[in-house]
Amino acid sequence: MAHIIPFNALRPTRSKANLIASRPFYTYKKNLLSAKLEGNPYTFLHVINPEFRLDDKTTPNSKERFEKVKEKFQEFKDLGYFIKDSLPHFYIYRQRTLFGEFIGIIAAASIHDFKNGLIKPHEKTLTKRENTFKLYLDICKFHAEPVLLSYKDEDDINKIIEKQTLKRAEYEFSTTDNKDHELWIIDDKNEIDQLIKAFEKVNSVYIADGHHRIASSILYGDSKKQNDHFANHFLSFFIAESKLKIFEYNRFIKSIDPLSENELIDKLQEQFIVEPIENERIKKPSRKHEFTMYLNKKWYLLNPKDGVIEKDHPTSSLDTNLLSELILKPILQINDLKNDERVDFFNGARDYHELTEMGDKNKNSVIFCLYPHTIEELKKVADISSSMPPKSTWIEPKLRSGLIVYEY
């Protein structure tokens with residue numbers, strides 16, 4: 001059974017919630033990030049980027065940088081931008097976007113549920129990144145962006161959410177990325193207990209986003225006393241799996257050199273049926289194991305020939321794995337997706353016109369588009385303690401930083 005606890009959130013005052021809550025800084029292009037910092041003194045991006053306008057820069061991810069993050073965060077608190085709930089609460093968050101509505105529970109999840117196998121990962125983590133965020137927690141002592149966790153739909157949890165959302169939300173605001181945000185506070189002791197009991201019926205939880213944050217939280221919790229209740233939990237957004245939206249992650253290869261266009265197609269035809277697609281500006285795959293390719297301003301449909309996919313294994317039959325094993329590695333000599341500078345990734349939540357423009361601007365480049373993975377594929381990989389290839393999924397929702405803060 002899943003163990004969740006309510007907590008005393010630090011959160012923006014109602015009048016400033018829309019100004020403080022920000023997208024993760026890595027989603028902004030450099031010029032847009034500077035404009036955001038310049039135009040909005042309240043954005044949480046100032047906490048994440050505390051050296052805006054300063055001359056004495058520190059090294060990214062260093063102790064000195066995190067000390068400045070901590071100082072800026074304290075400054076925001078001193079200025080009265082945040083309030084702290086006097087009692088532990090749960091929170092319901094809803095996000096409406098152009099591609100769907102997402103709603104779930106913000107709570108503190110247990111690191112012991114991860115250790116015991118109830119919370120299941122589908123990605124490997126890097127020790128260096130784990131230690132970096134552990135250092136951040138040691139110094140800053142707060143989580144400002146929840147880990148995204150999914151679970152099989154549970155009627156009792158849905159009923160609690162439905163009841164709470166009949167009330168007026170504590171926060172209601174829209175953002176310039178065409179998203180509407182609402183947040184409700186569950187502060188009634190009986191309703192808090194009901195939600196805790198409802199989650200006890202949940203026997204498996206899957207990490208949708210935030211593997212490194214969880215790994216670092218475990219390192220942090222292990223470094224504290226066993227009875228340090230809050231150090232043994234981390235900020236999470238629990239969402240029913242039916243409410244998730246999984247997008248594909250396409251591969252943009254900057255150059256097929258030394259191959260020519262015809263040589264690439266000839267090699268592909270050894271294991272794929274390759275068909276030109278006429279009169280299509282943009283073409284996405286329509287089913288699993290089908291790929292589309294954009295090469296020198298032309299679209300092609302790629303379907304594996306009979307016998308190419310040998311077995312329906314949870315990892316080997318993933319389309320992201322097939323693309324690497326059948327095309328990227330043997331034909332284009334791309335053996336390390338994480339570090340090969342010829343590769344860029346393009347998630348399916350973005351406008352595909354951007355993708356074709358990238359291809360048109362880079363002569364002799366190639367784009368491979370994939371069909372989105374399903375939550376069932378993700379769960380099968382997690383259930384056998386395996387991992388998906390890098391950049392296999394782009395999962396929505398993406399929560400705002402600084403809307404709900406979990407302090408240690």
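Predicted model: local features only at pLDDT ≥ 70, side-chain atom pairs only at ≥ 80, totals over all residues.
Let's start inside. In soluble globular proteins, nonpolar side chains tend to be buried together. Here the largest nonpolar core has 33 residues, and the members that touch the most others are Phe-7, Tyr-91, Ile-106, Leu-183 and Ile-404. Several elements each supply at least two residues of this core, among them strands S4 (90–97), S5 (100–110) and S10 (179–186). Helix H13 gives the most, with four residues. A separate, second core holds 32 residues, including Ile-105, Leu-149, Ile-157 and Phe-238.

Setting aside neighbours within four places in sequence, Leu-183 is in contact with Tyr-91, Ile-92, Ile-106, Ala-169, Glu-170, Tyr-171, Leu-403 and Ile-404.

Next, have a look at a charged residue. Glu-154 sits in the loop that runs between strand S8 (147–151) and helix H7 (155–164). Glu-154 is buried, yet it has no salt bridge. Not counting residues up to four places away in sequence, Glu-154 touches Ala-198 and Lys-201.

Searching the whole structure turns up two cavities of 30 Å³ or more. The largest has a volume of about 70 Å³, and its lining is made by Pro-24, Glu-145, Pro-146, Leu-148, Asp-209, Arg-213, Pro-397, Lys-398 and Leu-399.

A cis peptide bond links Glu-396 to Pro-397, with omega at about 20 degrees, and Pro-397 belongs to the loop between strands S20 (394–396) and S21 (406–407). Another cis peptide bond joins Asp-257 and Pro-258, where omega is about 10 degrees. Pro-258 is found in the loop between strand S14 (249–253) and helix H10 (261–268).

His-289 has phi near 75 degrees and lies in the loop between strand S15 (272–277) and strand S16 (291–295). His-289 counts as buried because its relative accessibility is 18%, and the cut-off for buried is under 20%. Asn-364 has a positive phi of about 70 degrees, and its place is in the loop between helix H12 (352–361) and strand S19 (366–369). With a relative accessible area of 17%, Asn-364 is buried.

Key
Residues numbered from 1 in each chain as written. Heavy atoms only, no water. Buried < 20%, exposed > 50% of the residue type's maximum accessible area, 1.4 Å probe, protein only. Lys, Arg positive; Asp, Glu negative; His and termini not counted. Salt bridge = Lys/Arg side-chain N within 4 Å of Asp/Glu carboxyl O. Contact = heavy atoms within 4.5 Å. Core = buried A, V, L, I, M, F, W, Y, C linked by side-chain atoms within 4.5 Å. 1 Å grid on protein atoms, 1.4 Å probe; cavity = no way out; pocket = protein on both sides within 12 Å on 5 of 7 lines; lining within 4 Å. Points joined across faces, edges and corners; volume = space filled by probe spheres on them.
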